Amino acid sequence: MLGNAAKFTPRGGVIEVRLARQGAEAVVTVTDTGRGIPAAMLDSIFDMFVQVSPAQDRVNGGLGIGLYLVRRLAELHGGRVTARSEGPGRGSEFEVRLPAAEVFPDAAAMLPAKAHRHCGPRRVIVADDNTDAASSLAILLALRGSDARVASDGFEALRLGETFEPHVVMLDIGMPGLDGFETARRVRAAPWGRDVLLVAITGWGRPDDRAQSQAAGFDLHLVKPVDLDVIESLLTGSIEDVPVRG
C-alpha cells in the first residue's frame, strides 16, 4: 500500500501512515494526495489484475497484483482491507484492520503451521526477467503452500535447479541471454529436470509458439495473465486434471 502511494503521488504530495488500536483491532491506514480512484472501481480495486489506469501502471511496472496480495494477506491474518477515495486527482486512503494480540505469543506458538490444507508442499522455480512478475507469482504460490524460488534468467534457473531440485519449473519464454525454449531443453537434459513439471508462462500464445514449447520439452503452455485455477490444479497435485500442453 505504501509502495502504491509513493508510485502514484506526484512530487510535492503528502503521504501519511497511521497505526491505531480500535477495540480488538489494530488499524493501519495509508493516505495520500495522489491520483485517486474512481468511485466505480472502489469495489474491484483489490481483484486480480485490476488497474486504475492500465497503460500508466505498466509504465510504472505494476501488474495489478499488489492490492490483491494485500487483501489476501489481510484475510489470512483474520483481517480485512478497504479503500476510500473522493475520485480521480483527490487522493486515496487504504485501511487494513487486523485482530490485535493481547499479549505476544511465546516461541512455541509461533512455530510454522502445517502446509496449506489444499496442497502438499511443492518446490517451484519461477524464472522471468520481469522481476515484478516473477516475485508476485512466487508470493501467490507461497500463499498456496509451495516453496517458490525466483530466478531472473535461464542461467540462474539452471543453477538453482541443481541444488533446489524443484517439482515444478515455470519459465518465461522471452528472457534475454538464454530464452525459455533453450532453458527448457537444458532442464530436460539435466538429471534433476527429466521428470519435473515444466510450464511455459508467456505472452506468446500463437499455435507455432505452442508447438515450439512442446518441442522444447514443456508440459504446459500458459499465456499471461495466467489462470490461477490452473496454477491451483498444479499445486494440489491434481496435475492429471490439467490439459497438458494446452
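Is E165 buried, exposed or partly exposed? E165 is partly exposed, at a relative accessible area of 46% (buried means under 20%, exposed over 50%, partly exposed in between; 1.4 Å probe, protein chains only).

The model is predicted, with local features needing pLDDT of at least 70 and side-chain atom pairs pLDDT 80 or more, while totals for chains, interfaces and linings use all residues. Residues are numbered from 1 along each chain as its sequence is written, and side-chain values use heavy atoms, without hydrogens and water.

**View A. The loop around E165**. E165 sits in the loop that joins helix 5 to strand 7 (168-171); helices (H or I, at least four residues) and strands (E, at least two) are DSSP runs numbered from the N terminus. The C-alpha atoms of E165 and V196 are 8.8 Å apart in space, although 31 residues separate them in sequence.

**View B. Helix 5 and helix 6**. The axes of helix 5 (residues 154-164) and helix 6 (residues 180-189) come within 10 Å and cross at roughly 15° (lines fitted to C-alpha atoms over the stretch in contact; angles from 0 to 180 degrees between N-to-C directions). Helix 5 is therefore roughly parallel to helix 6 (angles under 35 degrees).

**View C. Helix 3 and the residue after it**. Within helix 3 (residues 66-76), the buried residues include L67, Y68, L69 and V70. R72 and A74 of this helix are buried as well.

**View D. V17 in strand 1**. V17 belongs to strand 1 (residues 15-22). V17 counts as exposed because its relative accessibility is 51%.

Key
Angles under 35 degrees count as roughly parallel, over 145 as roughly antiparallel, 65 to 115 as roughly perpendicular and the rest as oblique.
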